[in-house]
Each structure stands twice: as C-alpha cells, then as structure tokens.
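I have put a few remarks together below, in the order in which I would look through them with you.

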Amino acid sequence: MSRIFWVRHGPTHAKAMVGWSDLPADLTDRNRLDRLADFLPRDAPVISSDLVRATGTADAIARDRLRLPHDPDLREMHFGAWELKRHHEIEDQAHARAFWETPGDLAPPGGESWNALSARVDRAVNRIFSQYPESDIIAVAHFGVILTQLQKALGLTTYETFSFKIDNLSVTELHRGETDWHAKRINHLP
C-alpha cells in the first residue's frame, strides 16, 4: 500500500483568491515547520507545485529526504480574471455564485474549472506513482489540489468537498488500496 502525505503550503496572508500568482509563504514559524518535518515519513521523497509558496515550504521540511523536481500540474486552480480578487470584487456575481455553488465545468473568465483542476492533479498523481509505485510520497501543494484528492478518496460531490477546511502546514494523509484511495487523516496539524 502506498501513502501520499498532502501538505498545504505555508500561509501567504492574502485575503483574496490566490491561484497561479506566485506569492511567497510565511515560513518564519520554525517550530511548526520542524514538528511537521518530524511527523512526516523520513524516507518519503518530497514533491511540490512549482509555485514559490509550495517550493519554499517543501524545501523547509525536506531535510535529507529526496527532493523531486517541482510539478506544475500540482499548482492551485487558475482563477483567471478573478485572480487576487475578493469575492465581492467580482463583477459578474451570478457567475461567481454558480462557480462555487455548482462546481464542475464552469470556469472563471480565462481560468480553470473544478473538473479541469481535478483532471490535471489526477494526471500528476498517476505520473508520480508510476515513477515511485511502492513509495510513500510527501506532496506540498495547495488547498484546491488537496481537495480534489480528498473528494476522490471520500467519494463526495464537489459541493460537499468544499465544506472541508485544509489549514496551512496541515497534513492530509491518503492511502492507496488496490483500486482506490482512502483518507486516513484530514487537516492534521502536527
């Protein structure tokens, strides 16, 4: 059985939708980062999104673990024209409500739908485990990315999945069985 330890990157302190904007994470809480690094399996390779908030977090917790190349397919959802906006700043509020209330194929203008994000992350996970089939993996990524995999593991609708909270520097541990994924820990703060 393989396990993937999804770690949400450190906080950016942004108060808006942050998708592909390359904002750094606040990694000043060394005690928390050390607890996180101690909690994770010592022999698991570390991979991350290619956005600096994820790469910085991954580097901070990697220690002597194998550091795999950054994977752009582990990026957060692309919010397009809504990037770095607060919900009330979006001009087309009906479109924004529909995007969050009936997630699926609807995308922000110039952005990415939930289904497109899920397919992109699934490709990355399949690629990672085809290269490391018997390994545990530590993957440092983003809120939406982790939710796509949690949805699959729990068999939830997207709307149900949006009710989960995934804190910065938390661990969501998923186990791969013979045919599917199962959630072991969700939003665990070491």
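Leaving aside its neighbours within four places in sequence, which residues is Ala 124 in contact with? Please keep in mind that this is a predicted model.

1. Beyond those sequence neighbours, Ala 124 is in contact with Asp 71, Asp 73 and Leu 74. The C-alpha atoms of Ala 124 and Asp 73 are separated by 5.8 Å, although the two residues are 51 apart along the chain. Ala 124 belongs to helix H4, which covers residues 114–131. Its relative accessible area is 0%, so Ala 124 counts as buried.

2. On to strand S1 (residues 2–8): six of its seven residues are buried, so the strand is largely enclosed by the rest of the structure. S1 pairs with strand S4 (residues 171–176) in the antiparallel sense over six bridges; here Trp 6 has Thr 172 as its bridge partner in S4. With strand S3 (residues 137–141), S1 runs parallel, joined by five bridges. Val 7 has its bridge partner in S3 at Val 140.

3. Helix H5 (residues 143–154) is worth a look too. Its 12 residues reach 16 Å from first C-alpha to last, close to the 16 Å expected at 1.5 Å a residue. After the helix comes Gly 155, with a positive phi near 65°.

4. H5 is mostly covered, with nine of its 12 residues buried. Among them are Val 145, Ile 146, Leu 147 and Leu 150, along with Thr 148, Gln 149 and Gln 151. The elements covering the buried residues of H5 include S1, H4, S3 and S4, as well as helix H6 (158–161) and strand S5 (181–188).

Methods
Residues numbered from 1 in each chain as written. Predicted model: local features only at pLDDT ≥ 70, side-chain atom pairs only at ≥ 80, totals over all residues. Heavy atoms only, no water. Helix = DSSP H or I, 4+ residues; strand = E, 2+ residues; numbered from the N terminus. Buried < 20%, exposed > 50% of the residue type's maximum accessible area, 1.4 Å probe, protein only. Contact = heavy atoms within 4.5 Å. Pairing = 2+ DSSP bridges. Expected span 1.5 Å × (residues − 1).
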